Amino acid sequence: KWAKFPYHKTLTEFDLSDQTSLSKRQLTQLQELTWLEQQYNLIFLGPSGVGKTHLSIALGMEAIQKGFQVTFVTMGELLSLLKTEEFTRKAQVQLNRIRASDLVIIDDLMYMAMDQREATLFFHLINHLYERSSIILTSNKSPDQWGELLGDEGVAMAILDRILHRAEVVHMNEASYRMKHRQSMFVSE
Ligand code: ADP
Ligand code: MG
């Protein structure tokens with residue numbers, strides 16, 4: 001069990017009433033983890049606060065319960081691990097866990113633009129995981145915008161190709177749950 005989730009959230013805590021693009025039936029299918037057994041990737045897209053990280057963690061916890069090896073990293077953490085692997089033992093250990101995982105959750109994929117070295121390192125990792133593990137990616141950018149963020153167009157295409165080849169894309173576009181359920185400091189009249 002390697003996950004390192006930023007917090008614990010379960011599928012039972014996931015409220016579907018605001019989700020137009022995810023039905024109860026689809027959620028049940030995700031919970032059954034067939035996608036994981038078949039090395040399918042999941043891509044959760046949508047603006048901030050719609051539940052992308054929550055759903056990823058909940059599915060990750062489900063997978064751990066069923067005996068799968070799971071790791072969770074943010075894209076920022078992943079890039080710094082990849083860049084320090086040569087000379088940091090800690091990065092080596094963590095990356096070896098990622099490479100050996102059945103499920104790798106990469107949160108906030110395209111938050112920032114990558115330089116060419118980062119894109120190349122990321123490509124090598126994706127290439128290693130390809131058809132061996134499942135990946136859950138969350139992003140606030142749609143895949144057609146990933147190209148420009150990945151810097152190098154050729155590398156971007158190769159990465160996209162491998163990730164999207166066997167992937168289920170879920171658009172979570174509803175109004176932010178965080179905003180709707182925020183606690184106001186004002187007493188309502
Ligand atoms: P995102 O990763 O899309 O920015 P999060 O998953 O971090 O959003 O969700 C923000 C907060 O709102 C979290 O505390 C999460 O548990 C809660 N949340 C978001 N969507 C839902 C939902 N559908 N049901 C229950 N809680 C939700
Ligand atoms: Mg998030």
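Student: What joins S3 to S4?

Tutor: Four bridges do, and the two strands run parallel. Two strands pair if DSSP finds at least two bridges between them, so four is enough to call S3 and S4 a pair. One spot to look at is Val-104, which stands opposite Ile-135 in S4. By the way, this is a predicted model, where local features need pLDDT of at least 70, side-chain atom pairs count only at pLDDT 80 or more, and totals for chains, interfaces and linings use all residues. Residues are numbered from 1 along each chain as its sequence is written, while chains are lettered from A and ligands numbered from 1 in the order in which they are written.

Student: What links strand S1 to S4?

Tutor: S1 (residues 41–45) also has four bridges to S4, again parallel. Phe-44, for example, has Thr-138 as its bridge partner in S4.

Student: Why is S4 called largely enclosed?

Tutor: Count its residues: six of the six in S4 (134–139) are buried, so the rest of the structure largely encloses the strand. Buried means 20 or more other C-beta atoms (placed from the backbone) within 10 Å of a residue's own; 12 or fewer is exposed, and in between is partly exposed. Ser-134, Ile-136 and Thr-138 point one way, Ile-135, Leu-137 and Ser-139 the other, and all are buried.

Student: Which residues touch the most other members of the largest nonpolar core?

Tutor: Phe-44, Ile-106 and Ile-136, out of 41 residues in that core. Helix H3 (residues 52–65) gives the most to the core, with five residues. Beyond its neighbours within four places in sequence, Ile-136 has contacts (C-beta atoms within 7 Å) that include Leu-42, Phe-44 and Leu-103.

Student: How do you know which side of H5 is buried?

Tutor: In H5 (residues 89–99), the buried ones are Gln-94, Leu-95 and Ile-98. They cover an arc of only 100 degrees around the axis, which puts them on the same side of H5. They pack against strand S2 (70–74), helix H4 (75–84) and strand S3 (103–107). The face turned away carries the exposed residues Arg-89 and Asn-96.

Technical notes. The arc is that of the directions from the helix axis to the C-beta atoms. Two residues are in contact if their C-beta atoms, placed from the backbone, lie within 7 Å. A nonpolar core is a set of buried Ala, Val, Leu, Ile, Met, Phe, Trp, Tyr and Cys residues joined through C-beta atoms within 7 Å.
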